[in-house]
Amino acid sequence: MDVTLLCDVVDNYGDIGVVYRLSRALSDLSSDLNLTLVVSNLDSFAKMAPGIITYKAIQEYRGWTVIDWNNATACTNFFMSHHPRIILQCFQCIRPQWLENILFSPERNETKEIIHIINVEYLTAEEWADGFHLLKSATRSTYVKKRNFMPGFTSKTGGLILDAPFIESLNNKELALQKVAPYLSQKDFSRLTNKELFKLVVFTYEQDFTPIVNALIQKKDRCNQNVCVFVAAGLSEKPFMAAIEKAGLPIQTVALPYMPQIAWDALLCCMDFAIIRGEDSFARACLCGIPFLWHAYQQDEEFQIVKAAALLNRLEPFFTAEDFALIQQCMIYFNRRPDKVPGKEAQEVLEKINEGKNMATSEMPEKTPYTEYLCRSETLKSGFRDFAKMLLKNGNMAEKLLDYMKQLQF
């Protein structure tokens, strides 16, 4: 089975992170797959996949063919001699013109060969994902068939990718530590293995981390427990370190290097708490069964509030009303943007949730709820673990996708 994955890297690592994980999971499930990855940003790919050569137009990697999306000549020549049969159009990315020329050329249509395009969508907890899963979409040719495939949080969607290296790290912390060890100094690794430390990872978009840092200080004092923050390289590194320095460096920190995806997954499995962003790392945090704050991708009119509220709806059944109210308050405030006014949909969400009138402003209450969330994180773990068990029970998205591709008619 020949399968082509299209990845236009919009977010620095999120898009290619999902595509890389999906490719590994599909390959592990079937040795009969011939995968071709067409990637627009090989530099980002190389950060998480050691061995990718960033300047090569076409290369072999892990048994896959990897092609530079931007090299139209190389792409055209390759696909003219290797006609695509199944295309995974990841995240509804705009197809490059060279591919459009191949898909809808009069010469190809004359052959009447069927090509299947599967739009592998972004992960969302919103209810519409259930109905959108496997829904047909129109194309400009009767010989190019297209359907939508939704990852998600329910059994009516494709679920989440359960790749073997991640599941191994999740079930075996000693193995996870071995995967992380090569990327940390001896001192930093000893912090990771220290069972007395409260270990938290930060990987988000830019924002003012002063309330979070203050909460971590209060957590340390109230719970009489030392805290170590593992700060990922990326957009949140500078603002977080600036907030720590402004507070007088009261908390241990580890500045993480860029890590391959498998090592990064293993690190997440060793954390007590995650402040996480995007899709790929966010999905891993959900599966880890640890308390977390999710920083949704920032959008116009604060639509990220709608995304965060949808996730909260999925979490709610696993917590008492009191615990859920705390998680909800923290998640909503964490996703507010002080410089933006919420649009109609975001405003409706804010008005529906607890204390909606207060949450209509981005002002953090004088008594930050982050402190309470961090201090109660140990007792909240059981709810997050049950949420993770439900996600695991939903099954492996890669397996469901492979089963679907196997029954396609050509």
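# Close-up views of a predicted model

Figure 1. Helix H6 spans residues 128–132, and both tryptophan 128 and phenylalanine 132 lie in H6. They are four residues apart, about one turn of the helix. The model shown here and in the other views is predicted. The structure holds 21 aromatic pairs. Tryptophan 128 and phenylalanine 132 form an edge-to-face pair, with 5.5 Å centre to centre and 80 degrees between the planes. Tryptophan 128 has 42% relative accessibility, so this residue counts as partly exposed. Phenylalanine 132, at 23%, also counts as partly exposed, because the buried class requires a value under 20%.

**Figure 2. Two tyrosines pair across distant parts of the chain.** Tyrosine 205 and tyrosine 297 form an edge-to-face aromatic pair. Their centres are 5.7 Å apart, and their planes make 80 degrees. The pair links distant parts of the chain, 92 residues apart. Tyrosine 205 is in the loop between strand S9 (198–203) and helix H10 (210–223). Tyrosine 297 is in the loop between strand S13 (292–295) and helix H14 (304–315). Tyrosine 205 counts as buried, at 7% relative accessibility.

**Figure 3. Five strands form an open parallel sheet.** The strand order is S11-S10-S9-S12-S13, with parallel pairing. Strand S11 (252–255) and S13 stand at the edges. Each has a single partner strand, so one side of each is left without a neighbour in the sheet. From one strand to the next, the twist averages 15 degrees. Strand S10 (residues 227–231) pairs with S11 in the parallel sense over four bridges. Here valine 231 stands opposite alanine 255 in S11. Helix H12 (residues 261–268) packs on the sheet and touches S9, S10 and S12. The direction of H12 makes about 135 degrees with that of S9.

**Figure 4. Strand S12 is covered on both faces.** Strand S12 covers residues 273–277, and five of its five residues are buried. Phe273, Ile275 and Arg277 lie on one side. Ala274 and Ile276 lie on the other. S9 and S12 run parallel and are joined by four bridges. Within this pairing, alanine 274 in S12 is the bridge partner of valine 201. S12 also pairs with S13 in the parallel sense, again over four bridges. There, arginine 277 has histidine 295 in S13 as its bridge partner. Helix H13 (residues 280–288) lies across S9, S12 and S13. H13 runs at about 155 degrees to S12.

**Figure 5. Tryptophan 264 sits in the largest nonpolar core.** This core has 88 residues. Phe240, Leu256, Trp264, Phe292, Leu293, Leu311 and Met331 touch the most other members. Leaving aside residues up to four places away in sequence, tryptophan 264 touches Val201, Phe203, Ala232, Leu256, Met259, Ile276 and Ser281. Another core, of 38 residues, lies apart from the largest one. Among its members are Tyr20, Phe45, Ile52 and Leu401.

**Figure 6. Eight strands form an open mixed sheet.** The order is S3-S4-S2-S1-S5-S6-S8-S7, with mixed pairing. Strand S3 (58–61) and strand S7 (136–137) stand at the edges. Each has a single partner strand, so one side of each is left without a neighbour in the sheet. Strand S1 (residues 2–7) and strand S5 (residues 86–90) run parallel, joined by four bridges. Threonine 4 has isoleucine 87 in S5 as its bridge partner. Helix H3 (residues 72–81) lies across S1, strand S2 (34–39), S3 and strand S4 (64–68). H3 runs at about 140 degrees to S4.

**Figure 7. Aromatic rings form a cluster, and two rings carry an arginine.** Phe153, Phe282, Phe292, Trp294, Phe318, Phe319, Phe384 and Phe387 form one aromatic cluster. Phe292 is also among the residues that touch the most other members of the largest nonpolar core. The charged end of arginine 284 sits over the ring of phenylalanine 166, 4.8 Å from its centre. The charged end of arginine 24 sits over the ring of tyrosine 20, at 4.9 Å from the ring centre. Tyr20 is one of the members of the 38-residue core.

Technical notes:
Residues are numbered from 1 along each chain as its sequence is written. This is a predicted model: local features need pLDDT of at least 70, side-chain atom pairs count only at pLDDT 80 or more; totals for chains, interfaces and linings use all residues. Side-chain values use heavy atoms; hydrogens and water are left out. A nonpolar core is a set of buried Ala, Val, Leu, Ile, Met, Phe, Trp, Tyr and Cys residues joined through side-chain atoms within 4.5 Å. Buried means under 20% relative accessible area, exposed over 50%, partly exposed in between (1.4 Å probe, protein chains only). Contact means heavy atoms within 4.5 Å. Two strands pair if DSSP finds at least two bridges between them. Axes are lines fitted to C-alpha atoms, for helices over the stretch in contact, and angles run from 0 to 180 degrees between N-to-C directions. Rings of Phe, Tyr and Trp (its six-membered ring) pair if their centres lie within 6.5 Å; planes under 30 degrees apart count as stacked, over 60 as edge-to-face and the rest as tilted. A charge sits over a ring if NZ of Lys or CZ of Arg is within 6 Å of the ring centre and within 35 degrees of the ring normal.
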